[in-house]
Amino acid sequence: MSKPQKNGIACDDGNAPNGTCVNQDHSEDSDYLVHDIAQHTNLRSGPHENLSRGVPGKWKLPVSTVEMLVGREGNYSGRGRFSSADGCHVLSRYLPVNGPWWVDHLKSRAYVSQFSADGSLFVAGFQRSHIRIYNVDKGWKVQKDILAKSLRWTITDAALSPDQQFLVYSSLSPIVHIVNVGSAASESIANITEIHEGLDFSVDDYDDDDYEGIGIFSVKFSTDGKELVAASSDNSIYVYDLEAKRPSLRILAHKSDVNTVCFADETGHLLFSGSDDHLCKVWDRRCFGTRGKAAGVLVGHLEGITFIDSRGDGRYFISNGKDQTTKLWDIRKMSSNVPYTPRLRDPHFDYRWMDYPTHARAVKHPHDQSLATYKGHKVLRTLIRCYFSPAYSTGQKYIYTGSSDGSLHIYDLVSGDQVASCHHHEAPVRDCSWHPLYPTIVTSSWDGVIARWEFPGSDEEPARHAPRQRRPSY
C-alpha cells in the first residue's frame, strides 16, 4: 500500500509541518542570492497582488483558488485574465500525490524514466536491455518496444531528441546507440528488425585497455538536436557531433568518475558537471582554449555527486549527492579554481552497500558555496536523480527527487520544506519525471514498477498489484 504525505561568464584563467529546513548559513552575500532566487520564483509562480484579495482592500493569505477566480472575474488585476504566473500559482497548489496507478511492471530494475518535452511520450529504460516508449495521449499504450544492443550491466541513460524522432541509450561502454523511434515498427530489436547505430565516444589517444574500461553514465541532447553531451567513467566529459559522427570535444574534467553532465541552457555554450570527486564544475565552450580549464568550481558536497539538473537559465542548478543531500547552486558564487582535496569524511564509506553514517549527517563542508541544502531523502545504492518541477505548471517552485527507500520527495525550492512524499516502491526509486503540462509524476524503481501519481486522479481505484517479494540487490 502507498500513502502520500503531506549569463555570461568571463573568459579568464505550500508548507509542511514536518518539513526540513534549508541550510542558509553561507557567506555574507547569501541573503541577496537567496532573495534573488525567491524573487525569480515568485515572478514565475506568484499571483498578481490584486488577485490575492478575496474582497477589495482586504488581504487574505494564503491565496485560495476561489479567491483568485473571484479576482479574475472582477478584473482586479486589470488584465481580465490569468497571467502565466497566476496559472502556476493555482496549479502548483495541487501536487500529484494521489495513486499510484501502475504503468508497467517488468522483472528487471528500472533505471531511467522521462517524459518527452511536450509530454506526449514517456521513455522507460530497464536493466535487462529493455526500453519502452509509451504513448501518454493514448492511455499509456506501448508505442515502441526496444531491445537494446551490447549492454554492459545496464542501460545507464536514455534520451529523446528534441524532435522526438530519435532515442539514444548508453551503457558502461564507450558506444552510445541511436534508434529511429519515428518509424512505424512497434518492435525494435537491435540490428535484427531495426538498425541501432553505434556512436563511438572513444578518441584517438586511447589505448585498448582504456577503451574497454570507458562507461557512459549520462547522455543528453542539445536543444537543437545536433550534439550529445556525455559523462564518462574516465573522468571526462564528451561532446559528440551527430552530423560529423565523431566526438568534437573531450574534457578531462574531474579527478574521478563523472556521473552527470548537462547543458546549462538552450544556447549549448555552458555545461554543468558533477563527479565522485564531490565537485560541481561549470564549463564555457566559448572560451575553453587548449588547457581545458573550468570556468568555475562549486564546493559543498561531502561525497560524490549523482545527478545535476539545470533550471534552464544558465545560472541555477541543483545536484544530488551521496552525502544524502540535494543542493541549490548559483554559478555567480563559483570559484575560478579550487584544488582537489580528498573527501572530508570516512574514505571507506561506499554508498552502494553501506548506510550513511549517522554522525556524518550533521557534518558541513567548511567552504560550502551552495545557496540551500535539502535533506530527507536517501541517495544510496544507485545514482538517484533530482529535478526542478516544470516551468509551465509550477513556475519551478519545487524540486523533487527519488530515494533509495522506495519513495519520492518534493521540496519547496525557496523555503526548503518537504511539501510531499509518496511511498509505494519496494526498492530504490532511481528516476522520476513530472509531466511538463499536467499534475502527473511517474516514478521508476528497482522493483521493476513504473508508477503514475496524479492530482486529482481518475475516478478509478489506483491500479496497484501485490508487490513482489523483495530480493537482495548488490
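Good morning. The protein has a mean pLDDT, the predictor's confidence in each residue from 0 to 100, of 85, and 81% of its residues reach 70 or more. Over residues 1-30 the pLDDT is below 50, although this stretch has 71 contacts (heavy atoms within 4.5 Å) in the model beyond near neighbours in sequence. Residues 54-60 also stay under 50, and for them the model has 10 contacts beyond four places in sequence. Where pLDDT is low, the predicted coordinates should not be read in detail.

A word on conventions. This is a predicted model, in which local features need pLDDT of at least 70 and side-chain atom pairs count only at pLDDT 80 or more, while totals for chains, interfaces and linings use all residues. Residues are numbered from 1 along each chain as its sequence is written, and side-chain values use heavy atoms, leaving out hydrogens and water.

I turn to the sheet. β6 and β7 (residues 166-170) pair in the antiparallel sense over 4 bridges. Within this pair, Ala159 stands opposite Val168 in β7.

Finally, Ser403. This residue lies in the loop between β24 (398-402) and β25 (407-412). Is Ser403 buried or exposed? Ser403 counts as buried because its relative accessible area is 0%, the cut-off being under 20% with a 1.4 Å probe and protein chains only. Leaving aside residues up to four places away in sequence, Ser403 touches His377, Lys378, Ile384, His409, Pro428 and Val429.

Conventions: Helices (H or I, at least four residues) and strands (E, at least two) are DSSP runs, numbered from the N terminus. Buried means under 20% relative accessible area, exposed over 50%, partly exposed in between (1.4 Å probe, protein chains only). Two strands pair if DSSP finds at least two bridges between them.
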